[in-house]
Amino acid sequence: MVFSTRGRKVRRLLLSLLLLAAWEAGSGQVHYSVPEEAKHGTFVGRIAQDLGLELAELVPRLFRVASKGRADLLEVNLQNGILFVNSRIDREELCGRSAVCSIHLEVIVDKPLQVFHVEVEVRDINDNPPVFPMAIKTIWFHESRLLDSRFPLEGASDADIGVNALLSYRLSSSEFFFLDIQTNDELSQSLSLVLKKSLDREETPEINLLLVATDGGKPELTGTVQLLIEVLDVNDNEPSFDQSVYKVQLLENIANGTLVIKLNASDADEGSNSEIVYSLSSDVPSTKQSKFKIDPSSGDVRIKGQLDYEEMKSYEIQVVAADKGTPSMSGHCKISVKLVDINDNRPEVSITSLSLPIREDAPPGTVIALITVSDRDSGANGQVTCTLTPQVPFKLVSTYKNYYSLMLDSALDRESVSAYVLVVTARDQGSPSLSATANLSVEVADVNDNAPTFEKPEYTVLVKENNPPGSHIFTVSARDADAKENALVSYLLVERRVGERALSSYVSVHAESGKVYVLQPLDHEELELLQFQVSARDAGFPPLGSNVTLQVFVLDENDNAPALLPPGVGGAVSELVSRSVGVGQVVAKVRAVDADSGYNAWLSYELQPAAGGAHIPFRVGLYTGEVCTTRALDEADAPRQRFLVLVKDHGEPPLVATATVLVSLVESGQAQKTSSQVPSGSADPAATLVNINVYLIIAICGVSSLLVLTLLLYTALWCSAPPTKGACGPGKPTLVCSSAVGTWSYSQQRRQRVYSGEGPPKTDLMAFSPSLPQGPDSMEERQQPSESEHLGKVSFFIFFPYQF
């Protein structure tokens with residue numbers, strides 16, 4: 001039990017260490033160090049292992065290393081994940097005299113995108129010897145110089161840092177001089193050549209000394225300067241300053257000509273030997289001489305150029321005060337100028353785009369760009385914060401120090417906003433605060449997420465029948481909110497069967513323009529409504545589409561002449577009429593039908609005037625076609641009456657059919673004999689008419705009840721059912737009634753064919769005017785027809801576009 005508890009504690013400790021290591025790797029806390037001047041191929045670290053990456057995924061995930069500045073100093077072997085030295089690293093060239101020198105690396109891998117930050121410290125080695133400003137320095141000493149007189153010397157400089165830059169000096173043995181070293185601070189030393197024995201120019205006019213500087217590195221490196229001392233005679237008092245070192249603090253960017261310090265040297269001599277001329281030492285580098293100037297007479301030291309804290313933080317200036325004696329004597333001092341930083345540098349923003357343009361379906365958290373900010377100032381003046389405008393739908397995430405990632409914060413919609421102009425603002429903490437901005441244009445790439453849409457879900461098109469083949473009847477147009485190929489719309493016909501034929505044999509659609517063409521002449525009598533769908537598809541991947549329904553109504557034209565119906569043979573109607581029939585008695589009836597519809601099928605009847613203007617004792621009903629007597633017949637009338645009845649429709653232009661009516665006049669006995677040959681079932685025409693009218697009334701009531709019930713059921717279904725996208729579109733039923741005074745009258749059953757979807761054509765519901773035989777008598781009944789007769793003359797034509 002104890003072992004089990006201890007094992008769990010060990011596992012928890014190991015898990016915590018692994019999580020800590022993973023967190024440090026993910027946050028970029030990976031550090032290495034390498035000495036400068038390391039050879040090519042020098043091992044630095046196992047960077048892939050330390051970052052938690054598998055060797056096998058380095059190449060597939062596009063492992064790459066980037067650094068600010070020179071990118072060729074370090075390289076990674078993708079085979080073993082080792083970071084090694086690729087080219088010569090010179091710490092002094094890379095970082096100058098900075099105490100800390102490091103190379104910052106950005107390690108980027110894709111799938112998914114990750115950014116790691118690695119710092120490689122470059123360690124200093126003792127590869128730079130001390131260097132004096134000049135190889136040979138000539139010094140003039142008067143023979144009258146007092147013992148312990150000092151001549152300041154410019155020390156050597158070492159480009160290394162730390163212990164490698166700590167210099168020690170030694171002077172070659174001399175009976176006249178020794179070297180005095182005074183330490184001002186950790187790295188600043190003042191060297192002076194001190195006279196320990198009086199000089200005699202006549203005995204020793206020239207002295208050669210060797211000054212050796214040795215650094216503290218391992219192994220030690222040295223530098224030398226040869227001191228050539230010329231012993232002068234006469235003027236034996238040199239100018240002297242109150243202090244050997246003057247310390248001054250100045251703000252950077254101070255105005256040109258500003259007074260730095262006023263020097264005042266004194267000379268114990270008299271006359272011209274005490275007149276002093278001030279100058280900068282010849283040992284002062286040209287970079288310092290370009291920044292400062294001194295007035296030779298007054299000793300005023302002023303600013304000559306622009307001082308920049310970011311270029312150099314301090315200056316040490318050697319000043320010489322020489323008298324006008326012969327030979328001239330000089331005194332020396334040093335001015336130590338330290339600059340104070342001010343907030344005079346705006347932050348800098350660097351943007352590296354990674355994923356532009358960005359797809360509109362990119363998930364939140366997608367990294368769009370890497371942003372680096374920096375400020376050359378120091379302290380609070382160099383502390384920078386970064387903000388983003390506008391923030392939606394993006395955000396800035398700090399990854400490491402002054403490194404940020406621009407990420408997608410919410411979903412994009414290119415159809416709403418196709419491009420964003422982002423402003424990245426970097427602001428320092430100085431007073432007053434300075435800022436810098438950088439603009440980043442983020443273009444949203446389109447994806448095919450919008451299907452083409454039509455303005456209406458359904459269109460109605462009216463086309464006259466007998467149209468020429470290839471006629472353009474309509475143009476469909478769909479709009480796609482996407483862009484480029486995702487918005488390229490093509491049209492095609494949704495193929496189906498129209499009866500026994502394919503829809504494509506009737507109509508076609510141009511793929512690019514959306515124009516709809518009729519491929520063959522349409523016949524209203526065969527096809528009144530053609531309903532079909534046109535599909536619009538875009539060119540995206542995967543393609544999206546939508547359909548629109550077209551209802552093509554074929555309009556009737558007057559292309560069918562009236563057609564006579566039996567019992568006429570060859571267009572002739574033959575009847576036997578008794579000479580005793582009364583006035584207004586119906587003796588015959590002309591029946592005709594027109595295959596057209598509407599006014600084109602509305603028929604009227606009229607007698608064609610007889611040749612020579614002869615009068616006939618008959619007339620014809622304008623809309624009924626019933627032939628009636630106009631007067632009582634007598635013996636003077638010819639026994640055989642022949643006349644023509646014109647049957648016209650109301651089309652434009654009207655079409656005419658001609659019926660020949662043959663009426664044979666017979667005596668009453670012959671008429672009764674003829675009538676006796678009729679079957680007994682028709683012996684009483686009036687009774688037969690009454691019976692037929694009763695049955696007709698019952699039939700009409702039944703049909704009317706069925707019609708009302710059907711209409712109610714259709715209305716309920718139409719109101720309750722949602723609209724569908726099927727092949728059948730909504731339509732209003734058409735009711736056509738005819739009477740004895742005006743009609744679109746049919747005397748035979750006709751099948752109306754409407755093709756609006758799959759399956760067989762539909763049959764309209766129709767009721768027609770009955771053709772009843774009329775008796776020879778009942779003149780009054782003909783003049784005052786009964787209610788049942790009126791009902792018998794009413795016909796119904798009902799057309800439903802829907803199939804119930």
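**Note on strand pairing and salt bridges**

1. Strands here are DSSP runs of E with at least two residues, numbered from the N terminus, while helices are runs of H or I with at least four residues. The model is predicted, so local features need pLDDT of at least 70 and side-chain atom pairs count only at pLDDT 80 or more, whereas totals for chains, interfaces and linings use all residues. Residues are numbered from 1 along each chain as its sequence is written, and side-chain values use heavy atoms, with hydrogens and water left out.

2. Strand 13 covers residues 206-215, and seven of its 10 residues are buried. Buried means under 20% relative accessible area, exposed means over 50%, and partly exposed lies in between (1.4 Å probe, protein chains only). As background, side chains in a regular strand alternate between the two faces of the sheet.

3. Which strands pair with strand 13? Strand 14 (residues 222-232) is one of them, antiparallel to strand 13 over nine bridges. Two strands count as paired if DSSP finds at least two bridges between them. Within this pairing, Thr214 has Thr222 of strand 14 as its bridge partner. Strand 10 (residues 167-171) also runs antiparallel to strand 13, with five bridges joining the two. Here Leu167 stands opposite Asp215 of strand 13.

4. Strand 30 is joined to strand 31 by a hairpin of six residues. Strand 30 covers residues 419-428, and nine bridges join it to strand 31 in the antiparallel sense. To locate this pairing in the model, look for Val424, which stands opposite Ala438 in strand 31.

5. Strand 31 (residues 435-445) has a parallel pairing too: two bridges join it to strand 25, which covers residues 358-359. Ile358 has Val444 in strand 31 as its bridge partner.

6. How many salt bridges does the structure hold? The total is 20. A salt bridge is a side-chain nitrogen of Lys or Arg within 4 Å of a carboxyl oxygen of Asp or Glu. The next points take some of these pairs in turn.

7. Lys324 and Glu275 meet through their side chains in a salt bridge, with 3.4 Å from N to O. Lys324 lies in the loop between strand 22 (314-323) and strand 23 (330-340), and Glu275 in the loop between strand 18 (265-266) and strand 19 (276-280), so the pair ties together parts that are 49 residues apart in sequence. Lys324 is partly exposed at 45% relative accessible area, and Glu275 is also partly exposed, at 38%.

8. Lys395 and Asp409 form a salt bridge whose closest N and O atoms are 3.9 Å apart. This pair links distant parts of the chain, 14 residues apart: Lys395 is in strand 28 (residues 394-400), and Asp409 is in the loop between strand 29 (403-408) and strand 30. Lys395 is partly exposed, with a relative accessible area of 34%; Asp409 is partly exposed as well, with 39%.

9. Is Asp637 buried or exposed? With a relative accessibility of 9%, Asp637 counts as buried. Asp637 forms a salt bridge with Arg631, and their closest N and O atoms are 2.7 Å apart. Arg631 is partly exposed, at 32% relative accessible area.
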